[in-house]
Amino acid sequence: MTISTNLSLRTVEWKDNKVRMIDQTKLPNELVFVEYDDFNQVAEAIRTLVVRGAPAIGVSGAFGLALAALQSKAETKEKLLDDLESARKILFETRPTAINLKWGLDKIIQIAKQEQNVSDIKESIIKTAKQMADEDIQINMTMGKNGSILFDNNDTIMTHCNAGALATVAYGTALGVIRATKDSGKKIKVIATETRPVQQGSRLTAFELKHDGIDVSLIPDTAVGYSMSNGLVNKVVVGADRVLRTGHVYNKIGTYQVATMAKQHGIPFYVAAPLSTFDMISSPKDVVIEMRKGTEVTGVGEKKTAPDDINVINPAFDMTPPELITGIITEKGVAKPPYEESIKKLFEAN
Ligand code: MRU
C-alpha cells in the first residue's frame, strides 16, 4: 500500500471538478479513495471522519465551497453568494473545534465577494482552494524544518493522535517535524499513543510512520505515565486544532494528560501548528469542545465492550494551558513563553 509522504499522493485533492479523498475510516486495513461532486457529501465526510485533522478539514471545507459554486444555478453574483453562504453554514456546522475549517471557508467567501460576475467567482474559488491545498504542503515542510532543530540525535519523541500526512494535505504538522528531523540525519524513535476512542494513533500515525521506515512503537494511552517515568521518552510533539493568542492549545482528547505528565517529568512538550490553526479572537470560554457519539466509546470497531444503555461522556478535544507548553512550532518560527507576546510577533512577521 502506498501512502503518506509520497507527496504526489494527497489526503484530499481537487480532481476533474470533484473532491477526491482517502477514506480514513478504512485505514489501516484498506486504502480506499472516495470522490464527491456535491458539497453535502463533503460535509458528511467531515462529520463522519472520512477526512479529519484540522488542516485537512480546512482544505476540504474550501473544496466543499468550490463544489457548491459549481452546483449553483445562480445567474447573478448576489444569488451565487447566497448559495455559497448556505453551503458555508452546512460545512461549518460539521465540526466545531478545529478553527481551520472556519479559516478555509472564510477565505473562499472573501475571494468570492471580490469578483464581479458568476463565472469569475467560480473560477477564482476553484483556483484559490487548489492553491490552499498546495500551500498546506509547503507550510508543513517549512514548519518541519523550523521544528527539527529542537530535536536531537537519539531522541525518542512521543506523539498523540494523528498530526501527519493524513491530517493535512500531505506531509503533516507534528509528524512533519518528525519527518524533517529524520531527514536532517538525526536518528530518532517515536512512541505513538493509541488515541482512544477513534484510534487515530494506532490506525493512522503508527501506519504512516511504519510505512516511512521511522522507528515507531505503539502504546496504549494508559502507558503515557509509565513511558515517561521509566525514561522511554525525552520529548513530545503534537498537533493542534486551535491555538489561542494566549497559547492555550486545543487538540485531541488526552493531549492535556500527556502535557501534564510531561511537565511532571521535566520532558519538553511541543506543539506544531500552522498560523491557519490560530484563533486570535476567542478566549477559552468561547471555544466549543465537540462531543461525539457514545458508540465510539462503548465498542472497539464493531465489537461492543460496554453494557447496554451506559451513559457516556465523549469529548473529542481538550485544552492544554500555556504553562505546560515548551514551544509552539509554526511556519514563521517557534513561539516561546510568554505566548501572548511571541504569537503576536509571529503574526506581525506574516
Ligand atoms: O478528531 P480528529 O481526528 O479530527 O482530531 C485530529 C487532531 O486532534 C489532530 O491532532 C489535530 O487536528 C492536529 S492535525 C495536524
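User: Which backbone atom lies 2.9 Å from an oxygen atom of the ligand?
Analyst: An N or O atom of G53. That is a polar contact, a pair of N or O atoms within 3.5 Å. This is a predicted model: local features need pLDDT of at least 70, side-chain atom pairs count only at pLDDT 80 or more, and totals for chains, interfaces and linings use all residues. Numbering runs from 1 along each chain as its sequence is written, and side-chain values use heavy atoms, leaving out hydrogens and water.

User: Which polar side-chain atom lies 2.8 Å from a ligand oxygen atom?
Analyst: One from R52. Q200 also has a side-chain N or O atom 2.9 Å from an oxygen atom of the ligand.

User: How much of the ligand's accessible area does the protein cover?
Analyst: 100% of the 420 Å² that the ligand has on its own. Areas come from the Shrake-Rupley method with a 1.4 Å probe.

User: New topic. Where is the cis bond with omega near 5 degrees?
Analyst: From R196 to P197. P197 is in the loop between β5 (189–193) and α7 (200–211). Helices (H or I, at least four residues) and strands (E, at least two) are DSSP runs, numbered from the N terminus.

User: Which prolines does a cis peptide bond join?
Analyst: P337 and P338, with omega about 0 degrees. Most peptide bonds are trans.

User: What is phi of N154?
Analyst: Near 70 degrees, a positive value in a non-glycine residue. N154 sits in the loop between α5 (118–148) and β4 (156–159).

Notes. A polar contact is a pair of N or O atoms within 3.5 Å; within protein, one must be able to donate a hydrogen and the other to accept it, and residues adjacent in sequence count only if both atoms are side-chain atoms.
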